[in-house]
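Dear colleague,

Please find the structure below, together with its sequence. My notes on helix packing and aromatic contacts follow.

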Amino acid sequence: MNVVLGVGGGIAAYKAAELTRALMREGFTVSTVMTSAACEFITPLTFAALSGRKVITDLFGNRSADEILSSSVEHIEVAQQNQILVVAPATADLIGKFANGLADDFLSTLYLAFQGPVVIAPAMNTNMWQHPAVVENLAVLAGRGHRIVGPDAGALACGTVGPGRLVDPEQIVSAVVAASIGKTDLSGETLVVTAGPTQEPIDPVRYITNRSSGKMGYAIAEAAAARGARVVLISGPVQLKPPAGVELVAVRTAYQMRDAVMEHLPEATIIVKSAAVADYHIASVPDKKIKKTAARMSIDLDPTPDILAEVGSKKGDRLLIGFAAETNDMVPEARRKMQTKRADMIVGNFVNAAGTGFDSDVNEVTLVMSTGDTVPLERATKKELAHKILDHALRLRLALHNAV
Ligand code: CTP
């Protein structure tokens, strides 16, 4: 799919180079349009080298009359050749031009000619961001259905601290992926997704955890948000950025995860429990570091609450999806967990299969459903599998509904 990246003139323009790479990693072809101000911050050569494509810098520029005449409808061509327009960084000036239909350079002209989805990632000084003119212009763009991503709050290049920083390129990619899917079959749904490991403290400096990376749960949260759902992502400690548009609830222990899930259960229509929750914890954690002695030592562990089973007993007509990470007897184990925990579907996977599992970007899973069906899914990236799991979840809910 072709994306046209509009780069505005702000200090964050250099991050658009990283965004180009991130979009290409996701399989998009990227064409770049830079405003003349953007060219003051970063050169067109950078984008040409990264994308392998010509970079358009402005409407007339230094071109001869012949060149201008031969490409006089270039903004129309670019508008037709690309499926998504993403503007990053979107400056106050660009936002104002787009909102008011001004077209005095290539990017603003392209915006008017463009008919596909538009993703806007603003970046500017905090005072500018909070100025009523920018607030109103942005509301106009949001009202047109454009996806607005960010900005983040933090230390800005101008020395102020506050909102105005361009969001992480991966979050812009999430918004572009969402725009490219164009599916809204989860709008009106609230998904509560758990992800990652939990950490169970032993003392103030040590803890017990597991090898879950959180990638599968984050991919499901991203896919669901892209398809229009409200997503509450309850995550143990992971090295991942939350996808754009999801509400992150960061937790550490199994008990914290349980409390967060129960708090959000009333809002949920679908619950996905992909977290690798610790089965045991230390009930009374000492407040001082345990010192080394020559003697053998042991730790007493108590069971943690089984969150999936508790949700299963209170779920009502909500759809409940659990996971089972197994090293043996995957399908029978998944089926047993589905029945004992009253889940509607268990996503089973072998954690010791070569090239898949924990920290990998790919996985191979089998869906075990309460209808009796077992659906093996081909090895694919976790992002692709996330969509397939959601497709099957919606089909399963319909089948369960029709069976009543
Ligand atoms: N789960 C949970 N709370 C726990 C343990 C597990 O909610 N305390 C959930 C997981 O999020 C997952 C499912 O139960 O969706 C299965 O987790 P798994 O660790 O595979 O199963 P266990 O029931 O812990 O069984 P075992 O470790 O013996 O395989």
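**Helix packing and an aromatic pair**

In α1, the residues Ala 16, Ala 17, Thr 20, Arg 21 and Met 24 meet Thr 46, Phe 47, Leu 50 and Ser 51 of α3. Sorted by class, this contact of α1 with α3 comprises five nonpolar, three polar and one charged residues. Please note that the model is a predicted one.

As for the geometry of this contact, helix α1 covers residues 15–25 and helix α3 residues 44–51; their axes come within 10 Å and cross at roughly 15°. Angles under 35 degrees count as roughly parallel, and α1 and α3 are therefore roughly parallel to each other. The crossing in which α1 passes α3 is right-handed.

The axes of helix α12 (residues 254–264) and helix α13 (residues 307–314) cross at roughly 20° and come within 10 Å. That angle makes α12 roughly parallel to α13. Here, too, there is a right-handed crossing, with α12 passing α13. On the α12 side the contact is made by Ala 254, Met 257, Arg 258, Val 261 and Met 262, and on the α13 side by Ile 307, Glu 310, Val 311 and Lys 314. The residues of this contact divide into six nonpolar and three charged, with no polar ones.

Turning to the aromatic rings, how many aromatic pairs does the count give? The count comes to one aromatic pair. The pair is formed by Phe 98 and Tyr 111, and it is stacked, with 4.3 Å centre to centre and 15° between the planes. Phe 98 belongs to helix α6 (residues 92–100) and Tyr 111 to helix α7 (residues 106–113), so that the pair links distant parts of the chain, 13 residues apart. Both Phe 98 and Tyr 111 are buried.

In summary, the two helix contacts described are those of α1 with α3 and of α12 with α13, and the aromatic pair is that of Phe 98 and Tyr 111.

With kind regards

Technical notes:
Residues numbered from 1 in each chain as written. Predicted model: local features only at pLDDT ≥ 70, side-chain atom pairs only at ≥ 80, totals over all residues. Heavy atoms only, no water. Axes fitted to C-alpha atoms, helices over the stretch in contact; angles between N-to-C directions. Helix = DSSP H or I, 4+ residues; strand = E, 2+ residues; numbered from the N terminus. Parallel < 35°, antiparallel > 145°, perpendicular 65-115°, else oblique. Left-handed = near helix turned anticlockwise from the far one by under 90°. Contact = heavy atoms within 4.5 Å. Nonpolar A, V, L, I, M, F, W, Y, C, P; charged D, E, K, R; others polar. Phe/Tyr/Trp six-rings, centres within 6.5 Å; stacked < 30°, edge-to-face > 60°. Buried < 20%, exposed > 50% of the residue type's maximum accessible area, 1.4 Å probe, protein only.
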